[in-house]
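Let's take a walk through this model together, one piece at a time. Have the viewer open and follow along.

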Amino acid sequence: MKYLSEYRDADLVAKYIDEIHRTVTRPWTIMEVCGGQTHSLVKNGLLQLLPEQVKMVHGPGCPVCVTPLHQIDKAVHLARAHDVVLCSYGDMLRVPGSEMSLLEAKAAGADVRILYSPLEAVKIAQENPGREVVFFAVGFETTAPANALSVIHAQRAGVKNYSILTSHVLVPPAIEAVMDDDEAHIQGFLAAGHVCAIMGIEEYYPIVEKYKIPIVVTGFEPVDLVQGILMVLRQLEKGTYQLENQYSRIVRPEGNPEARKIIGQVFEVSDREWRGIGNIPGSGYELRAEFSEYDANRKFDVRIPKVSESEECIAGQVLKGIKKPYECPQFGKKCKPQSPLGAPMVSSEGACAAYYHFLQVMEEVE
Amino acid sequence: MMVSEQKIKMQLQCPMPKLDFDIITLGHGSGGLLTNRLLDSGVFDLLKNDLLDKRHDGAIFDVSAGKMAFSTDSYVISPIFFPGGNIGELAVNGTVNDLAMCGAQAQYLSLGFILEEGLTMREFWDVLLGIKFAAEQTGVQIVTGDTKVVERGKGDKIFINTSGIGMVHPRADISKARVQPGDKILISGPVASHGIAILSVRQGLEFETSIVSDTAPLNHTVMGMLDLFGDRIHLLHDPTRGGVATVLNELARDVRLGIDLQERSIPVLEEVSGACELLGLDPLYVANEGIFIAVVAAEAADSVLEYLQSTPQGNSAAMIGTVTDEHPRQVLLHSKIGGKRVVNMPVGEQLPRIC
């Protein structure tokens with residue numbers, strides 16, 4: 001853990017916090033895009049250490065949170081009605097669908113499995129040739145290479161009973177969607193370090209220019225975060241807007257060429273619906289036509305009615321940073337991690353759950 | 001001799017008897033001929049003692065004056081063999097430890113098996129060896145038992161229930177009612193090792209690691225502690241399912257007091273903390289099997305800690321927090337980097353994160 005402990009150094013964090021206090025002269029609003037950053041800010045108690053003038057808003061970068069209700073319903077339907085082995089990452093299981101979550105489908109008898117890697121799902125398909133295995137491929141650019149690789153593996157090994165239900169989302173179009181929203185007043189961004197580790201940083205230059213906002217590619221440890229925030233604040237105070245890379249120990253400007261190649265080989269950019277936000281053009285990945293036999297959507301022809309979201313959930317406004325989780329009338333009341341109304345209360349990276357778990361702004365009355 | 005060497009020695013000393021069947025079938029739980037053949041096969045001779053040998057419907061024994069403690073627990077762990085132990089050891093240590101948390105030395109244990117048809121005799125034998133090993137380590141006798149067999153698919157290889165009774169230490173006075181502001185919270189060893197060892201062998205999540213379960217008897221350490229400190233020990237708890245966070249939340253809720261934890265002081269093995277990092281788990285919520293939390297009077301805390309650190313498994317014992325009348329019913333963690341956060345009760349099982 002040597003590599004991490006340096007970035008959890010209390011003294012260093014205190015130094016950066018001091019520097020932030022010295023730098024700030026007026027109010028600023030900064031969005032951290034990635035849910036992992038939200039989690040770390042809240043878990044480490046960093047938000048209370050920042051000056052009052054610095055308002056951090058929590059962006060849409062929680063893959064579980066933005067996976068549309070309809071996709072979850074599809075996964076549940078596949079698991080129950082088509083008797084497939086439905087595999088996914090752990091925190092996807094508790095997200096409520098319109099009728100039930102995957103965890104509830106599992107309790108009701110469906111074969112739902114938690115995996116850490118889609119390659120495991122290919123292995124399960126090879127071991128169970130008589131059964132269809134579907135991997136629920138959610139995530140940002142970070143999980144795309146592994147999901148793409150699983151399809152390539154399956155194709156090379158001649159595995160026919162494997163497919164993926166894609167619900168991939170991309171960060172840069174989401175930043176633009178936030179900036180285009182008249183209600184969101186974001187003045188600077190911490191870009192998601194791990195997404196940039198895969199994709200590189202080039203996509204962000206046009207955004208910096210178009211909206212004239214500073215963007216700093218930032219890591220996830222306490223020192224990373226306070227340093228990233230300081231870098232944004234310095235630009236804001238000076239009135240400059242540039243793309244900077246705080247996370248250069250991991251992020252190379254060109255990203256990971258090998259991973260990008262695999263993504264490009266298997267996926268193509270498509271429009272994508274985001275839970276709580278709506279359709280964002282060019283914000284997702286679909287399987288290319290030559291891999292259509294691995295596309296669960298085409299393989300199973302799932303036709304189920306589209307159910308609309310709970311009207312009580314303001315997830316969309318939370319994901320765009322317009323409202324804080326505790327400004328939702330249902331926060332901590334009707335909506336809790338054990339009975340979530342919307343997805344941001346489910347994943348530990350969701351802003352609502354992070355606030356609920358670690359801050360408890362609302363006193364819980366049992 | 002190391003614990004692992006002792007186990008190997010026992011395996012060599014107790015070879016499996018020759019049997020005319022390799023797997024458990026429904027008939028072995030029927031109560032008829034096959035059941036008797038299983039009982040007479042030498043399989044259960046492993047657990048031999050005078051009370052068990054009477055083969056009566058229950059055990060009859062004398063008791064001495066004083067307080068007794070009684071506890072029960074069921075064991076359904078999957079997989080049944082894991083790095084550092086097996087379900088049999090867990091079933092003995094677990095109930096012995098629950099009694100130890102009452103301040104009692106376990107004396108007698110009941111042992112109920114629910115076997116799934118198809119379990120191999122080899123597996124069953126290895127589980128029984130685990131039981132024998134743990135019984136000898138803890139000094140408890142298995143005095144009554146039961147074996148049922150269910151159809152394939154109706155169980156998961158083997159489920160075990162153990163109940164135990166034991167005499168409470170004459171100087172012990174352990175109860176939640178005794179917890180008061182200012183009390184110190186001590187932990188007897190590093191957290192999260194058991195849960196991570198189990199995860200490392202779960203299907204679909206396998207990863208290579210040398211992390212082993214911390215399953216171990218706590219009774220000797222606890223009895224020694226009570227000999228020395230008696231009623232200055234206010235409460236004992238083993239943070240099994242739900243981990244340290246759950247136990248402390250329950251405590252804060254029940255006694256209507258707050259708890260302040262120092263993240264810096266909480267012992268976690270480096271490998272375990274690395275695995276938690278990778279898997280997206282918080283070690284405070286991961287299960288333990290061989291450590292306990294002691295809430296002790298402030299003036300005795302340093303001496304109790306010194307004692308714990310002198311015991312065989314106690315070298316990383318630590319003082320991790322304080323009971324306070326501020327923020328009642330909340331557990332607050334002072335993070336390593338100087339922030340503060342609430343440690344909440346977990347919701348269901350901790351699920352791994354995506355990225």
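Into which domains is chain B divided? Chain B has a domain 1, residues 3-168, and a domain 2, residues 176-343, with bounds that come from an automatic or database domain assignment. Before going further, please note that this is a predicted model, in which local features need pLDDT of at least 70, side-chain atom pairs count only at pLDDT 80 or more, and totals for chains, interfaces and linings use all residues. Residues are numbered from 1 along each chain as its sequence is written, while chains are lettered from A and ligands numbered from 1 in the order in which they are written.

Let's stay with the two domains of chain B. Taken over C-alpha atoms, their centres are separated by 28 Å. Where they meet, domain 1 of chain B gives 20 residues and domain 2 of chain B gives 20 residues; two residues are in contact if their C-beta atoms, placed from the backbone, lie within 7 Å. On the domain 1 side, α4 (87-101), β4 (104-116) and α5 (121-138) of chain B give two or more residues each. Such helices (H or I, at least four residues) and strands (E, at least two) are DSSP runs, numbered from the N terminus. The largest share of that side, 8 residues, comes from α4(B). By class, the domain 1 side has 10 nonpolar, 9 polar and 1 charged residues. Here Ala, Val, Leu, Ile, Met, Phe, Trp, Tyr, Cys and Pro count as nonpolar, Asp, Glu, Lys and Arg as charged, and the others, Gly among them, as polar.

Strand β4 of chain B also belongs to an open sheet of 4 strands with mixed pairing, in the order β1-β6-β4-β5. Two strands pair if DSSP finds at least two bridges between them. At the edges lie β1 (68-75) and β5 (141-150) of chain B, each pairing on one side only. Further in, β4(B) and β6 (residues 158-168) of chain B pair in the antiparallel sense over 11 bridges. Look for L111(B), which stands opposite T162(B) in β6(B).

Now turn to where the chains meet. Chain B contributes 20 residues to this contact and chain A 39 residues. On the chain B side, α9 (270-279) and β13 (340-343) each supply at least two residues. That side of chain B divides into 8 nonpolar, 7 polar and 5 charged residues.
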